[in-house]
Amino acid sequence: MDIQFPNLHINIENLPKSFNFFGVDIAFYGCIIALGMILGIALVCYIAKTSGQDYNEYIDFALYAIIFSVIGARLYYVLFSWDMYKDNLLEILNIREGGLAIYGGVIAAVLTVIIAAKVKHLSAPQIFDTIALALLNGQMLGRWGNFFNREAFGEYTDSLFAMRLPIDAVRSSDVTEQMRMHIQSIGGVEYIQVHPTFLYESLCALLIILFVYRKHKKYEGELFLLYMFGYGLGRVWIEGLRTDQLILPVVGLPVSQLLAGVLVVVMGILIVYLRKHHSRYAMLALKTEPVKE
């Protein structure tokens, strides 16, 4: 149950995946996701209040946005891992065993924002900018759930940040031939050594950049576009390292890496175009005045 970073001389001993609370096993993954949601809501309320919006609108919005995001994250994972569930459909509901894809959550959140803005007569671009930092915060914090679960790691490496895991603590499907060639036996326990891709994604300076830049944006929606561009750029690289990729049928390419590449291109074009035409765009985006306190 230990996790080691040998080249950093860090050894975390007896780190469980869950803890027992009055006879019920509580996964650390779930606790971290819940913490990310709470902090995200607090951050959104702070940004909404400082920008003259009614933060109560966002508290109401969070109640159903979180539900739809979890459903979207689960459906995305199940769709591209159908062989794991086609013979046992009830297992689709068992999210305690993991299986949430952040892309699905973001897609569901985007659709929820668009629908909610339409119903409540609010500015969707303004909402997107208000929640952008919260999404990024949730992404960075949520990746530490993968750390506790010993999942979402990359191929074998002996780099500075190399992470060593007991082979019995990870899914056999995530262990590659190259990892097996470099298995180390320490104290009778066999270890694999991998890229800690969860760490690469969580140590994201983009949060600081967006927080500082938000006061200098040219139009509503710009922060969200920058977030999607930066996130896509990082995932193109990180997804290429991971061994638990969701593969697109027929094409045979990692679906998240392909989607990340499309995001980078589309968001990049939109950012450049709207920077040049932000005055006209701002008039369209802010047709509906935000609700004041």
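1. Ala, Val, Leu, Ile, Met, Phe, Trp, Tyr, Cys and Pro count here as nonpolar, Asp, Glu, Lys and Arg as charged, and the others, Gly among them, as polar. By these classes, the lining of the second largest pocket has eight nonpolar, four polar and four charged residues. Of the 16 lining residues, F80, S81, M84, Q245 and L246 lie nearest the centre of that pocket. The volume of the second largest pocket is about 340 Å³. A pocket is an open set of points on a 1 Å grid over the protein atoms alone, where a 1.4 Å probe fits, with protein on both sides within 12 Å along at least five of seven lines; lining residues have an atom within 4 Å of a point. Grid points are joined across faces, edges and corners, and a volume is the space filled by probe spheres set on the points.

2. The model is predicted: local features need pLDDT of at least 70, side-chain atom pairs count only at pLDDT 80 or more, and totals for chains, interfaces and linings use all residues. Residues are numbered from 1 along each chain as its sequence is written, and side-chain values use heavy atoms, with hydrogens and water left out.

3. Strands β3 (residues 18-21) and β4 (residues 24-27) run antiparallel and are joined by four bridges; helices (H or I, at least four residues) and strands (E, at least two) are DSSP runs, numbered from the N terminus. Two strands pair if DSSP finds at least two bridges between them. F19 has I26 of β4 as its bridge partner. The two strands form a hairpin with two residues between them, and F22 in the turn has a positive phi of about 50°.

4. β5 pairs with strand β7 (residues 189-194) in the antiparallel sense, over four bridges. The bridge partner of P166 in β7 is Y191. In a regular strand the side chains alternate between the two faces of the sheet. In β5, M163 and L165 point one way and R164 and P166 the other way, and all are buried; buried means under 20% relative accessible area, exposed over 50%, and partly exposed in between (1.4 Å probe, protein chains only).

5. Most residues other than glycine have a negative phi. H9, in the loop between β1 (3-5) and β2 (10-12), has a positive phi near 60°. R150, in the loop between α4 and β5, has a positive phi of about 55°. Which of these is exposed, with a relative accessible area of 74%? That residue is H9, whereas R150 is buried at 2% relative accessibility.

6. E155 also lies in the loop between α4 (124-149) and β5 (163-166). Leaving out residues up to four places away in sequence, E155 touches T176, Q178, M179, Q193, V194, H195, L241 and T243, where contact means heavy atoms within 4.5 Å. Its side chain makes a polar contact of 2.6 Å with the side chain of T176. A polar contact is a pair of N or O atoms within 3.5 Å; within protein, one must be able to donate a hydrogen and the other to accept it, and residues adjacent in sequence count only if both atoms are side-chain atoms.

7. Q53 sits in the loop between α1 (28-50) and α2 (55-79) and is buried, at 5% relative accessibility. The Q53 side chain makes polar contacts with the side chains of Y58, at 2.5 Å, and T130, at 3.0 Å.
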